[in-house]
Amino acid sequence: MRSRLLSLLLLPALLLLAAVFVYPLLRYGWLSVHASSVLTGLLPVPNGGANWQRLADDARFWKDAGQTLRFAFCSVALELAGGLALALWLHRPRRGRGLLRALALLPWALPTTVMALGWRWILNDPHGPLNAVLRSFGADSYAFLSTPATTWFFVVLSDVWKTLPFVALLLLAGLQTIPADLEEALRLEGASRRQILVRLTLPLLMPYLSLALLFRLAQSLGVFDLIQVLTGGGPAGSTESLALYAYLNAMRFLDFGYAATVTLATFLLLLVLLGGGWLLLRRLGGARAQESAA
Amino acid sequence: MAARATPPSLRRPQVVLCLLAATLLLLLPAYGFSGRSEATPQPIPVRVLMPAPLADAVAAPAARFNALHPGVRLTVTRGPLDTETLSDLAISGLLLGDAPFDLLLVDVSWLAKYAAAGWLLPLEDWFGPEVLAAMEPGARLGNALGDHLWRMPLTGDTGLLYWRTDLMPRPPRDTDELVAIAQDLQRRGRVRWGYLWQGRQYEGLSCVMVEVLQAFGARWWDPAAASTRLDTPQAVAAATWLDGLIRDGVTPKAVAGFAENEALQSFAAGEAAFLRNWPYAWREIEKGDGPVKGKVGVTTMVAAPGQQGGGTLGTWGLSLIRGTPHPQEAVEVIRWLTGPEVQRQLALEQGYAPTWSRLYEEADLQQRLPLLAVQRQALQHPQLRPMTPAYAQLSDLLARQVNGLLTAQERPAEAMASAQRQSLQVLRSLAGPPALATAGR
């Protein structure tokens, strides 16, 4: 009885989910086995596995996949480490803590497009502020956005700069759920600060850390606006992400069949990664639980 | 903890509000049409989408059109300035099937794609072949495809070479002279850089490449074979020359991140001897109070000794959108906006090159527009970008390869061979099995 009522109550939510999530996926799946481009007058014409065959041979897709993964791992790792440090620092009682927290959140509140335009100006050669600083030290101005290595570095840096406050805030919320008397008790037992961090804070923060990890990983694997505005995927395609490639295929090249294939492949990649991450976290959590039980 | 992550949840009501507002805005005109009563005849609406600067430029002619045609209500929508962004916006509207505009100002590089997608209505029923015959040779190109006329040209802009009249007695005659003059001026400390152009990974770099390929006797596109020719010795020579400009310090490394405006800013600040840009740059330089004001000459694109140079065609024209409820009135708008009267005003006020030959012969215009003679000359040997529906892909990968060359990721021969290989791949994959390529037609 009760379970029937429950499933009935769940139905609207499930229908909504199906409409906005399952239907697009099915539609992409269907499109990905069709040619639908300017050469077919945008009408879908079945082409078997030709799109998937092309994807397998598409060096640009795999290069972009590598670049997207590298970007996601580097920026999320930096954000988690930096966010944790910032959260611990903000958690400490001090004067003006509220103001500091508000200030720390500022980059997160900026729209990505505005932020990316700002960075593009900062890095401008030779008129940008960063080059003005370089020149004031007697150095020559540097074309930061014309060199793959520096461009990549600043793409990661600007992403970390923007989203680190978000991670910090999430972790700060977690820190506030840890009862102060636990820390007090450990300190009375003579534990060092490092021991408190490793034995108490981090394990209790684990759910928040994994949440931040999954959130950020999902977001950064789909990175689009930052790269579109800051570099347009350049120089020489060295910062192009999978989302940007899918967008180009759909909106610029009007190749909807292949765009659907790229999007679906990206989704599958994301699924595997997030699933793997989740399993890994669960195993880590399990190991820790056993350890503390022992 | 969910309450802690305030920013996203704060935004949600705003997003919903925006979506609601957008839906209402989209619904309103539709409601307006259906609710129209027969008793009070409303003027027939004709909507045009244009990049903002051109929309501003035709605001006065549009008002005059409305005054002359009380039965039609012409509205001009200001779209984004950047060509590709405007195309993205237009395509979003066209894909939904019911575009919020009846006419679109189409860049020459989009035409084949839009026509193939079936978004345009042919214009030959309204404009006969004699119409284009009254235009300059360059302005005639890029409007017709197959057996149809898809667009009426409004501007006849081409790529031009800007030079400093205070630094040299006359412009260079060929690419060798250009480099020699630039290096000499750099050695003597008169300018920091020799030659500035657009090297960012975007459509502008493809425009530069069209000119450089032409300058060395190479061709990007072979219309007869419907294929690319990017790995010929001439094409490699062109790429080598462009790469050499950066390696020899004639062009700064930063050019690999330059679009039109970055290059113009640096040239207008007096930092360089030469600049490749569109006609608008001249007005920008002259209207300010910069160090090079009154010291800039404009000439047609130079080529290697013994070759014929030519500027890339960057023309805009009006196209009729399929599905417009009022094609007849929309065509009247095309006739008016692309007519000599409006083009004369665009030339005088904004510096856009006219397309009608007779405007170039008017003494008044010749006197008031110092660029007019050069613009006409440039329209005699214009360079058309490949007219194929696959152009966007081909241009994207060429710009990507050449940008890789400029940022020293690859050598010229490798870059061009790779660009050719990828172009063939794109053309093959788009065409698919022969039976499929035509199935949708």
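This is a predicted model: local features need pLDDT of at least 70, side-chain atom pairs count only at pLDDT 80 or more; totals for chains, interfaces and linings use all residues.

A: Of the 294 residues in chain A, 43% are buried. The secondary structure of chain A consists of 12 helices and 2 strands. The C-alpha trace of chain A extends over about 80 × 75 × 35 Å along its principal axes. Among the contacts in chain A with a separation of 6 or more, 67% join residues 24 or more positions apart.

From chain A the view passes to its partner. The contact between the chains draws on 51 residues from chain A and 44 residues from chain B. Together, chain B and chain A bury an area of about 3,900 Å² between them, and carbon and sulfur atoms give 57% of that area. Charged side chains also meet at this interface, where 6 salt bridges are found between chain B and chain A. One of the salt bridges between the chains joins Arg120(A) to Glu262(B), with the closest N and O atoms 3.9 Å apart. The interface of chain B and chain A further holds 10 residue pairs in polar contact. On the side of chain B that touches chain A, the elements giving two or more residues are α1 (6-34), α4 (83-95), α5 (111-116), α11 (260-268), α18 (391-406), α19 (412-431) and α20 (434-439) of chain B. By type, the residues on that side of chain B comprise 19 nonpolar, 12 polar and 13 charged.

Leaving aside residues up to four places away in sequence, Gln420(B) touches Thr228(B), Arg229(B), Leu230(B) and Asp231(B).

A further buried position is found in a loop of chain B. Val191(B) belongs to the loop that runs between α8 (175-187) and β9 (193-196) of chain B. Its relative accessibility is 5%, so Val191(B) counts as buried. Ala272(B) is 81 residues away from Val191(B) in sequence, yet their C-alpha atoms are 5.4 Å apart in space. Beyond residues up to four places away in sequence, the contacts of Val191(B) include Arg164(B), Leu167(B), Leu185(B) and Gln186(B), together with the run Gly270(B), Glu271(B), Ala272(B) and Ala273(B).

Two strands of chain B pair with β1(B), namely β2 and β3. With β2(B), residues 72-79, the pairing of β1(B) is parallel and runs over 8 bridges. Within that pairing, Pro51(B) has Gly79(B) as its bridge partner. With β3(B), residues 103-107, the pairing of β1(B) is likewise parallel and rests on 2 bridges. There, Leu49(B) faces Leu104(B) across the pair, standing opposite it. In a regular strand, side chains alternate between the two faces of the sheet.

How values were computed:
Residues are numbered from 1 along each chain as its sequence is written. Chains are lettered from A and ligands numbered from 1 in the order in which they are written. Side-chain values use heavy atoms; hydrogens and water are left out. Two strands pair if DSSP finds at least two bridges between them. Helices (H or I, at least four residues) and strands (E, at least two) are DSSP runs, numbered from the N terminus. Contact means heavy atoms within 4.5 Å. Buried area is the accessible area (1.4 Å probe) that two parts lose on being put together, summed over both. A salt bridge is a side-chain nitrogen of Lys or Arg within 4 Å of a carboxyl oxygen of Asp or Glu. A polar contact is a pair of N or O atoms within 3.5 Å; within protein, one must be able to donate a hydrogen and the other to accept it, and residues adjacent in sequence count only if both atoms are side-chain atoms. Ala, Val, Leu, Ile, Met, Phe, Trp, Tyr, Cys and Pro count as nonpolar, Asp, Glu, Lys and Arg as charged, and the others, Gly among them, as polar. Buried means under 20% relative accessible area, exposed over 50%, partly exposed in between (1.4 Å probe, protein chains only).
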